[in-house]
Amino acid sequence: MKKIRVMIVEDSAVVSALLEYSIGRDPRLEVCAMAVTAEDALRTLEYLSPDVIAMDIRLPGMDGLEATRRIMSKRPIPIVVVAASTESGKWNAIAMEALRAGALTVLEKPVGTSNAAYGRLAERLCTQLVIMSQVKLVKQHGSHEARFAAALRYSSQPPGGYKMLGIAASTGGPAALVQLLGALGEAFPLPILLVQHMTANFLPGFASWLGGVCPFSVTVADDGCLPVGRTLYMAPAERHLRLESGRLRLDAGDPISFQRPSGTVLFQSMAQHLGADALGVLLTGMGNDGASGLLDIRRSGGYTIAEDESTAVVYGMPGAAVRIGAVCESLPLPSIASRVLELATGRNS
């Protein structure tokens, strides 16, 4: 079986050796290159094509965030950021900026082999490197023209007739959300319900970070709360978020498409309780979560938008929705906000 080729970008000789040792013990993986600076890594990538990159953040010269941005814009390769554990506030900030730069996930560096936590951290690192190496990244093209049939632009609702916006995202979602929410603007009138697939320990920090970079109030949803306009309600870790009789409900039901929270669960509840008053948007992500729920919204008379392949970091979830006929429009990310504004308020951004 062909091994997955890993490039390590790490300036500490001790940590680099530990990563090499940990990765080398996994029969699925092999280290194909090591770089001590971001500049070294970029030069190496001119002639080498690893399957996945383990990237440090704090590097001499160019940092790992800028290196990640450059790699993802020129020649996308799955990047797993491996950062040293710090105080929880700083760790969350580092993790969110890494995801915004284009990293697929952020992990804590393995500690020394004599430490009790070593086995757990090393196993998680190797598992994530294997999973992320299989992500098919979509290179962004210069032209972001929308690709959709003119007939699909028709909305049964008059402008301003929608009552709630639901969004689901996974891999690549944090950066996409910043762009979409920022473009909607602080006057966007509808409540926004969000499912973002994310490791449980990142979620509170992500909500705080998102609230600092988007124009809305952002809160992790509470069971029974009544959603109000100009506020984004995020599904908490390991709980499905549903709309029921005008209130938000949380439950620990079975995962759908291997996800809890699930975009499909959210969208299905919006279809059931809002019908033609529901707006659904499906952004970048692995797998097919959200696709069947988006189809329910469309069948109930609501309006559905999926991120176009030209901008989606991972076209799994939007592509699955397109294939089953769940999408009224496929739009590149920069065009989604103006279309949502047009549908929700009758005006463009």
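**Notebook: pocket and sheet**

I began with the pocket lining and found that α5 gives the most to the lining of the largest pocket, with 4 residues. I am working from a predicted model, in which local features need pLDDT of at least 70, side-chain atom pairs count only at pLDDT 80 or more, and totals for chains, interfaces and linings use all residues. Residues are numbered from 1 along each chain as its sequence is written, and side-chain values use heavy atoms, without hydrogens and water.

Next I noted that α5 (118-133) and α6 (173-184) each supply at least two lining residues. Helices (H or I, at least four residues) and strands (E, at least two) are DSSP runs, numbered from the N terminus.

I looked up the volume of the largest pocket: about 680 Å³. Of its 31 lining residues, S170, H197, M198, T199 and Q259 are the closest to the centre. The lining divides into 14 nonpolar, 13 polar and 4 charged residues. Here Ala, Val, Leu, Ile, Met, Phe, Trp, Tyr, Cys and Pro count as nonpolar, Asp, Glu, Lys and Arg as charged, and the others, Gly among them, as polar. A pocket is an open set of points on a 1 Å grid over the protein atoms alone, where a 1.4 Å probe fits, with protein on both sides within 12 Å along at least five of seven lines; lining residues have an atom within 4 Å of a point. The volume is the space filled by probe spheres set on the points, which are joined across faces, edges and corners.

Then I turned to the sheet. I traced an open sheet of 7 strands with parallel pairing, in the order β8-β9-β7-β6-β12-β13-β14; strands pair if DSSP finds at least two bridges between them. β8 (217-220) and β14 (329-331) each have a single partner strand, so one side of each lacks a neighbour in the sheet.
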